[in-house]
Amino acid sequence: MPNKSRFLRVPVEPFVVEGGLKADEVLARMERVSFQGRSLATAHGIWRKMLAGDCTIFLGVAGALSAGGMRLIIAYLLEQRYADCLVSTGANLYHDLHETRGRRHFVGSPLENDASLQADRIDRVYDTYASEEEFCENDEWIAEFALTLERRPYTTREFLYLLGEHLWKATGQDGILTAAYRANVPIFCPAIADSSIGMGLSQARHRDPSAGQIDVIGDVIESANIVIRHPRTASVVLGGGTPKNFINQASVQAEFFDDRVGGHRYALQIVTDVPHFGGASGSSLEEAQSWGKLATDAERVTVHADATLALPLLASALASSAQELLDARKPPRFDLSGRVMAVNGRPLPQARFEAR
């Protein structure tokens, strides 16, 4: 027989159904299937490498995954330190607060008459319903909390830490905000005004013009300083959006002040958007390398899938396969209790970038 082409060395292995497989065993078998199944299996391996690779891991969460039932997975990932910093849309944090306060989202239908929903003051997120009256009450709850704070600017990281603390003391319930507070994991929300948290803060401002001051530029400096302090970083993105670019720009901004940075060493994204329309959400990880957001030799994978399909399987697989890695890992230790963040016992500079 003639020599086979070097392209024909590894055969696809048909997936064989077997009862009782754990999630990590399912993904191990998917390493030899094709398409997004193989990509998801690759994502599992790359996340494990992040945990073993002395990285500060940024987790970006876009859209309204909390409303879609993913909030406690994200809380688990923060609590167990599968990720070290969260960058989120305001919607995810707001819907998380809604449920942590004992309210619920409800199974609905995208085919319902929206005029009928509006008449009943029901808000729809695709196939999920929530009470507009409860949302209005949340907004007022946020406003009342904001009015208890000292009148000065707050980064979103500082404000959300204080909000998580207040929420934990008020409810004692698990959620993203409360898990991040208890685990000392910073949360950044670069588009906080584009959410009902922003609306609650605006209602506080209406009652007192000196209230509800949010310093989003301080977030840029602080996130870049986290990278400068430990230049070996990794990125996990669920759904693209503003969080994706904020995580990437932290690396780019940090490199402006410290040439050791060189972009994220590992990256995985689970997205439904596609690159050929030019939007940031669908942009490829290869494109990110051209900006210096990822290292040129970064291990990376894009999973083109709905995060509500991929995340439960991926997180369950990590829960089975990564405990030894977590036990051996030494994640960055954050002190978030003050106006200035400290990392591993050393405060970051306030309002300026850390010099090398």
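Tyrosine 126 sits in the loop between β4 (122-125) and β5 (128-131), where helices (H or I, at least four residues) and strands (E, at least two) are DSSP runs numbered from the N terminus. The model is a predicted one, so local features need pLDDT of at least 70 and side-chain atom pairs count only at pLDDT 80 or more, while totals for chains, interfaces and linings use all residues. Residues are numbered from 1 along each chain as its sequence is written, and side-chain values use heavy atoms, with hydrogens and water left out.

Phenylalanine 35 is another non-glycine residue with a positive phi, near 60°. This phenylalanine belongs to helix α2 (residues 35-52) and counts as exposed at 73% relative accessibility.

Zooming out, the chain is built from 14 helices and 12 strands. Its radius of gyration, taken over C-alpha atoms, is 21 Å, which agrees with the value near 21 Å for a compact globule of 356 residues; the globule rule is 2.2 Å times the number of residues to the power 0.38. The C-alpha trace spans about 85 × 55 × 40 Å along its principal axes. Of the 356 residues, 50% are buried. As for contacts (heavy atoms within 4.5 Å), residues 24 or more positions apart supply 73% of those with a separation of 6 or more.

Helix α10 (residues 216-229) has 14 residues and reaches 20 Å from its first C-alpha to its last, close to the expected 20 Å, the expected span being 1.5 Å times one less than the number of residues. Because 12 of its 14 residues are buried, α10 is largely enclosed by the rest of the structure; among them are Asp219, Glu222 and Arg229. Helix α9 (residues 196-207) has 12 residues and reaches 17 Å, close to the 16 Å expected. Its buried residues are Ser196, Ile197, Gly198, Gly200, Leu201 and Ala204, and their cover includes α4 (90-100), α6 (132-146) and α7 (156-171).

Finally, two single residues. Alanine 307 lies in helix α13 (residues 307-321) and is buried at 8% relative accessible area. Neighbours within four places in sequence aside, alanine 307 is in contact with Leu65, Met70, Ile270 and Pro312. Leucine 201 is 106 residues from alanine 307 in sequence and 29 Å from it in space, C-alpha to C-alpha. Histidine 304, in strand β9 (residues 294-304), is partly exposed at 36%. Not counting residues up to four places away in sequence, histidine 304 touches Gln36, Val271 and Asp273.

Note on methods
Buried < 20%, exposed > 50% of the residue type's maximum accessible area, 1.4 Å probe, protein only.
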